[in-house]
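Morning, everyone. Let me put the sequence and the model up, and then I'll walk you through the charges and the strands.

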Amino acid sequence: MKARKRFGQHFLHDANTHARIHDVLDVQPEDHVLEIGPGRGELTAGILQATKNVVVVEIDRDLSRHLRVRFPQLEVIEVDVLSIDASVFRGRRVLGNLPYNISTPLLIRMTATLGCVDMHFMLQKEVVERLLAMPGTKAWGRLSVKIQRVFEVRPLFDVEPEAFEPSPKVLSAFIRMTYRPEPLIPKDLLKFDAILRQAFSQRRKTIANSLESFQIDWAHVGIAGNLRADQLTVAQYVRIADESTRHL
């Protein structure tokens, strides 16, 4: 089966990379695994050897049919993973080779999906750099703050384009995501998101200027208003959001 551009498909076919993934996953018989975008099922086959508790989510009708024939015991959910009910993720180890066009919205959605055991994703290296970024760096942005508010992200290994078919034009990386022991939870998540959007849309301005409409008492929140958006930490953004909410 050929990869379809409209689904952003790049099938991982390299056996050595499959082996590395199985090694770091170390799936146990009692594990419940949910795989996003299994493609032709090359990785799925090895997971099924370790546990029978496997569910896959595949939007491609032809691939879903192929998977049902190849693995009669496999539960295949034929749907866009961005529209699936969050309860499907709970209690499961989540795995996915994520197309670029859904990686960011899915990662953000996962911040509101509590109860996963852990998550392992194949992503473009550029996206991983944003997930791992630190304040004060060029890669630090809205995605960095949103993900690090909830998750600890660990890069495991890089994957060359030749490991995929067709080969993407960029380097990929395989990562592990686990919940922070104490996630940072703003009082108003919508306000928090709005502040991030406004701050990083004008990242060259001082934070006091870019967030002027939110009427922040910078002395009360304990943050210098002359800092820029990319200089603030996750905790500081949560404090700013909570300070703004306090005035409602």
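Start with a rule: a salt bridge here is a side-chain nitrogen of Lys or Arg within 4 Å of a carboxyl oxygen of Asp or Glu. By that rule, the count is ten salt bridges.

Some ground rules. This is a predicted model, where local features need pLDDT of at least 70, side-chain atom pairs count only at pLDDT 80 or more, and totals for chains, interfaces and linings use all residues. Residues are numbered from 1 along each chain as its sequence is written, and side-chain values use heavy atoms, with hydrogens and water left out.

How confident is the predictor? pLDDT is its confidence in each residue, from 0 to 100. The chain averages 93, and 95% of the residues score at least 70. Contact means heavy atoms within 4.5 Å.

Now the salt bridges. Helices (H or I, at least four residues) and strands (E, at least two) are DSSP runs, numbered from the N terminus. Buried means under 20% relative accessible area, exposed over 50%, partly exposed in between, with a 1.4 Å probe and protein chains only.

Take Arg-70 and Glu-42. Their side chains meet in a salt bridge at 3.1 Å, N to O. Arg-70 sits in helix α3 (residues 61-70) and Glu-42 in helix α2, so the pair ties together parts 28 residues apart in sequence. Arg-70 is partly exposed, at 34% relative accessibility. Glu-42 is partly exposed too, at 39%.

Next, Asp-193 with Lys-146. The closest N and O atoms are 2.8 Å apart. Asp-193 is in helix α7 (residues 189-201) and Lys-146 in helix α6 (residues 142-148), so this pair links parts 47 residues apart in sequence. Asp-193 counts as buried because its relative accessibility is 17%. Lys-146 is buried at 10%.

There is also a network: salt bridges link Asp-31, Arg-93 and Asp-118.

Which arginine is buried yet has no salt bridge? Arg-92. The nearest side chain of opposite charge is Glu-75, 5.1 Å away. For charge, Lys and Arg count as positive and Asp and Glu as negative; His and the chain ends are not counted. Arg-92 lies in the loop between β4 (75-77) and β5 (93-97). Leaving out residues up to four places away in sequence, it touches a set of residues including His-32, Val-33, Leu-34 and Asp-118.

On to the strands. Strand β2 (residues 33-36) is covered on both faces. Val-33 and Glu-35 are buried on one side, Leu-34 and Ile-36 on the other. Two strands pair if DSSP finds at least two bridges between them. β2 runs parallel to β3 (residues 54-57), with four bridges. β2 also pairs with β5 in the parallel sense, over four bridges. Ile-36 stands opposite Val-57 in β3, and its bridge partner in β5 is Gly-96.

Last, strand β9 (residues 172-179). Seven of its eight residues are buried, so β9 is largely enclosed by the rest of the structure. Six antiparallel bridges join it to β6 (residues 118-124), with Met-119 opposite Met-177. Eight bridges join β9 to β7 (residues 151-159), also antiparallel. There, Phe-151 has Tyr-179 as its bridge partner.

Conventions: pLDDT is the predictor's confidence in each residue, from 0 to 100.
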